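Dear colleague,

Please find below the structure that I am passing on to you.

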Amino acid sequence: MIRVKRCEIELKNKVAVVGFGMIKFGELFEKSYEDMMSEAYLNALKSVDKGIDQKEIQAAWLGTCIGSIIKREILTGASLAEPLSFVPRPVSRLENACATGSDSFRNACFAVASGAYDVALALGVEKMRDVPPIESLQGVVARGMHPIYARGMTAPAVFAFYANRHMHDFGTTKQQMAYVAVKNHKNGALDPYAHFQRPIKLEDALKAPMVCSPLGLFDCCPVTDGAAAVLITRADLAKKYTDAPVYVAGLGLATDTFNMASKPDFTTFYATVEAGKEAYRMAGIGPEDVDLAEVHDCFTITEILDTEDLGFCKKGEGGKFIEQGNTEIGGKIPINPSGGLKSKGHPIGATGIAQICEISWHLRNEADKRQVSGAEIGLTHNLGGTGSIAGVTILTSKQL
Amino acid sequence: MSIASPMLWREIPQLYRLIGLKCKKCGYINFPRMGSICLKCGSSEGFEDHQISRRGKVVTFTVEHVMPPGFEIPTIMAIVDTDDGARLMVSMTQAKPEEVKIDMPVELVFRRFGEADGLLRYGFRAKPIKESGDVKK
């Protein structure tokens, strides 16, 4: 691939997050797209310690992905402007597969850093369960892509390709993948926003029905409705809203090919590696400086690859690293204290923003029972498509 | 999602004939075919049609047990590297799930996939090679 000069706008320390709003994720049959969106938005407004007037928010980025596929809601930024009474302010509607949320956040950060706006909203929302699960991502991918060459490729199949090859090359085991599910359910049981708030047993994960070999049911994240919102402002304005702003130290977004046939190998997500490098470079830190991370565990194998690709352990050792407890709350580098996609759920467009909320709560010492003690630097990682897009964000409790 | 006949017609070279685009500059076989810029080197000097070899081996695979209506259960999907250096994603045929392994030799065979949107669907699938010598070039 071609190497080009990377982002030269130094965002570090220029932007802060001052409001954080989520709703409890789940199968929210009683709530509409608009209900979820307004609840997350109002929670974000309420979370601003020193208060904020809605009219101070000058622009919004709406992260939503599946809506344009299942066609339940109005397209354009009006999807947000109408239910939130945001008219006529500008709303950009962004779709970037499962990395939609973090890319919406990224664009809002750049807009604020540029001086275009003092306060911006980044909101992610997805109504996944107005269609049966088989017609959501599973069916969309298998039927909606290329008529022959992507025919039959479901979302779990993409990651199962990686799982089989990683097991073949590095000896990663099904038990190590099950540990990811066990850990994330254990964390999710402590998270009031999680879809599944209960622990699971290793043996139950191992004997679950097979979905896409070697991935069983407990290796897969659920189909979940949800919304999350954050309020972003310039760092020099942040103290007007809160004494505990969360600063953006680094942002990275990178692509890889979508077609499985164009991938160089099946043991690394190169978009993750590149997005991580860019975020670390911007923040001036390395993986060893990170206190906790929320990573994209759409499938258990994905978390194993993420752990390697973000530099928390060596390539090939992710399974062992997790099995040894290094990524538990209290471990060397806690990963997915929220329960991750596996337990918290994965409402596509909301996931990246929810990760920002979770890391911010830890940095503000507000994560209650799942608090990672002394957390000052946190990372979010959001992966989309077939690993064809990845967003990495580095957040800090103090300006670096 | 429905597909109209122009798309299938446009894709005849790759769908029905297994013809990829070989970059005149770096020799990389672009498959699926996409526009006129080489994915590998970024050159737009041009491509020549390349008849992809029908013989290859499995790079990775999965056996899918949960599928939307209209698909075989299980469906076996594989990434195949052909002998001439192309890489494809295909479903497998005439294969037992428990027999499929990484590095297993396969042959690409033309098969009917059934009918959708009033159009017959055809394409290549990977079939395990049981014994050496039973493959046409």
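In chain B, β7(B) and β8(B) form a hairpin with two residues between them, where strands (E, at least two residues) and helices (H or I, at least four residues) are DSSP runs numbered from the N terminus. Asp117(B), in the turn, has a positive phi of about 55°. The two strands run antiparallel and are joined by ten bridges; strands count as paired if DSSP finds at least two bridges between them. Within this pairing, Leu108(B) has Ala126(B) in β8(B) as its bridge partner. β7(B), residues 105-116, is also joined to β4(B), by three bridges and again antiparallel, and there Arg55(B) stands opposite Glu107(B).

Please note that this is a predicted model, in which local features need pLDDT of at least 70 and side-chain atom pairs count only at pLDDT 80 or more, while totals for chains, interfaces and linings use all residues. Residues are numbered from 1 along each chain as its sequence is written, chains are lettered from A and ligands numbered from 1 in the order in which they are written, and side-chain values use heavy atoms, with hydrogens and water left out.

I turn next to the sheet of chain A. Nine strands form an open sheet with mixed pairing, in the order β3-β2-β4-β7-β1-β8-β11-β10-β9. β3 (91-94) and β9 (292-294) of chain A stand at the edges with a single partner strand each, so one side of each has no neighbour in the sheet. On average, neighbouring strands are turned by 25° against each other, direction ignored; axes are lines fitted to C-alpha atoms, for helices over the stretch in contact, and angles run from 0 to 180 degrees between N-to-C directions. Strands β4 (119-126) and β7 (226-234) of chain A run antiparallel and share eight bridges, and Ala122(A) stands opposite Val230(A). Helix α1 (33-46) of chain A lies across β1, β2, β3, β4 and β7 of chain A, at about 40° to β7(A). Helix α9 (270-283) of chain A also packs on the sheet, touching β8, β10 and β11 of chain A.

How do the two chains meet? In the model, 43 residues of chain B are in contact with 36 residues of chain A, contact meaning heavy atoms within 4.5 Å. The chains bury about 3,500 Å² between them, 65% of it on carbon and sulfur atoms; buried area is the accessible area (1.4 Å probe) that two parts lose on being put together, summed over both. Phe71(B), Arg87(B) and Met89(B) supply 17% of the area that chain B buries, more than any other three residues. Across this interface the rule finds zero salt bridges, a salt bridge being a side-chain nitrogen of Lys or Arg within 4 Å of a carboxyl oxygen of Asp or Glu.

Over all chains, however, the search finds 28 salt bridges. Asp243(A) forms one with Lys50(A), their closest N and O atoms being 2.8 Å apart, and this pair links parts of the chain 193 residues apart.

Finally, some backbone details deserve a look. The peptide bond from Val87(A) to Pro88(A) is cis, with omega near 5°, and a cis bond also joins Ser213(A) and Pro214(A). Asn13(A), in the segment before β1 of chain A, has a positive phi of about 70° although it is not a glycine.

With kind regards
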